[in-house]
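Student: Could you show me how to read a few features in a protein model? I'd like the general idea and then the actual case.

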Amino acid sequence: MDIQGKIINVLPERGGVSQRTGSEWKVASYVLETFEQYPRKMVFEVFGTDKIAQFNIQVGQSLTVSFDIDAREYNGRWYNTVRAWRVAPFDPNAQAAPAAPMGMGAVPGVNPPFPPAQPAAAPQQPADMGGSFAAGGSNDDLPF
């Protein structure tokens, strides 16, 4: 998934040593605010010293962030992780049209979120059943 916005905060890096491999790891977290009429904020992570240096994210930058979302369980509670795998400068002039809202099951860039609109058919008149409701007659066989 992709999102565009401005970096409003860089959080302190976290790091440690993997118990499984014994190698060091680092994670940097950033707060991005979208450009929508009602801006939303999202925290995402960049994992790895090499990616942190490559992306070189600074406060005030306008970026397009490609990310994956994953969830994990720990002690009976669930936690989400939003991890960036690509970061590029955002150029508002490069966008041809705003993105349409995605529907359930839509894959960005692959299938449209909703089927194309079809012209509505003209409403059909009910067939005459042989009786007149206006005259007090009834054509149904319901007991009430």
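Predicted model: local features only at pLDDT ≥ 70, side-chain atom pairs only at ≥ 80, totals over all residues.

Student: Which residue does Arg83 form a salt bridge with?

Tutor: First the idea: a salt bridge is a side-chain nitrogen of Lys or Arg within 4 Å of a carboxyl oxygen of Asp or Glu. Arg83 has Glu45 as its partner, and their closest N and O atoms are 3.4 Å apart. Arg83 sits in strand 6 and Glu45 in strand 4, so this pair ties together parts that are 38 residues apart in sequence. Strands (E, at least two residues) and helices (H or I, at least four) are DSSP runs, numbered from the N terminus. Glu45 itself is buried, at 15% relative accessible area. There's a network here too: salt bridges link Arg14, Glu45 and Arg83.

Student: How many salt bridges turn up in the whole structure?

Tutor: Five. Among them is Glu33 with Lys41, at 3.3 Å from N to O. Glu33 is partly exposed at 24%, and Lys41 is exposed at 57%. Glu36 and Arg40 make another, at 3.8 Å from N to O. There, Glu36 is partly exposed at 45%, whereas Arg40 is exposed at 60%.

Student: What does the side chain of Ser29 make a polar contact with?

Tutor: A polar contact is a pair of N or O atoms within 3.5 Å; within protein, one must be able to donate a hydrogen and the other to accept it, and residues adjacent in sequence count only if both atoms are side-chain atoms. For Ser29, the partner is the side chain of Arg14, at 3.4 Å. Ser29 belongs to strand 3 and is buried, at 4% relative accessibility.

Student: And how do I read strand pairing?

Tutor: Two strands pair if DSSP finds at least two bridges between them. Strand 1 and strand 5 pair in the antiparallel sense over five bridges, with Gln4 facing Thr64 of strand 5 as its bridge partner. Strand 1 and strand 3 are also antiparallel, joined by five bridges; there, Ile7 has Leu32 of strand 3 as its bridge partner.

Student: Which residues touch the most other members of the largest nonpolar core?

Tutor: In soluble globular proteins, nonpolar side chains tend to be buried together. A nonpolar core is a set of buried Ala, Val, Leu, Ile, Met, Phe, Trp, Tyr and Cys residues joined through side-chain atoms within 4.5 Å. Here the largest one has 17 residues, and Ile7, Tyr30, Phe44, Val46, Ile57, Val65 and Val87 touch the most other members. Strand 1, strand 3, strand 4, helix 1, strand 5 and strand 6 each supply at least two of its residues. Take Ile57: leaving aside neighbours within four places in sequence, its contacts (heavy atoms within 4.5 Å) include Ile7, Tyr30 and Val87.

How values were computed
Residues numbered from 1 in each chain as written. Heavy atoms only, no water. Buried < 20%, exposed > 50% of the residue type's maximum accessible area, 1.4 Å probe, protein only.
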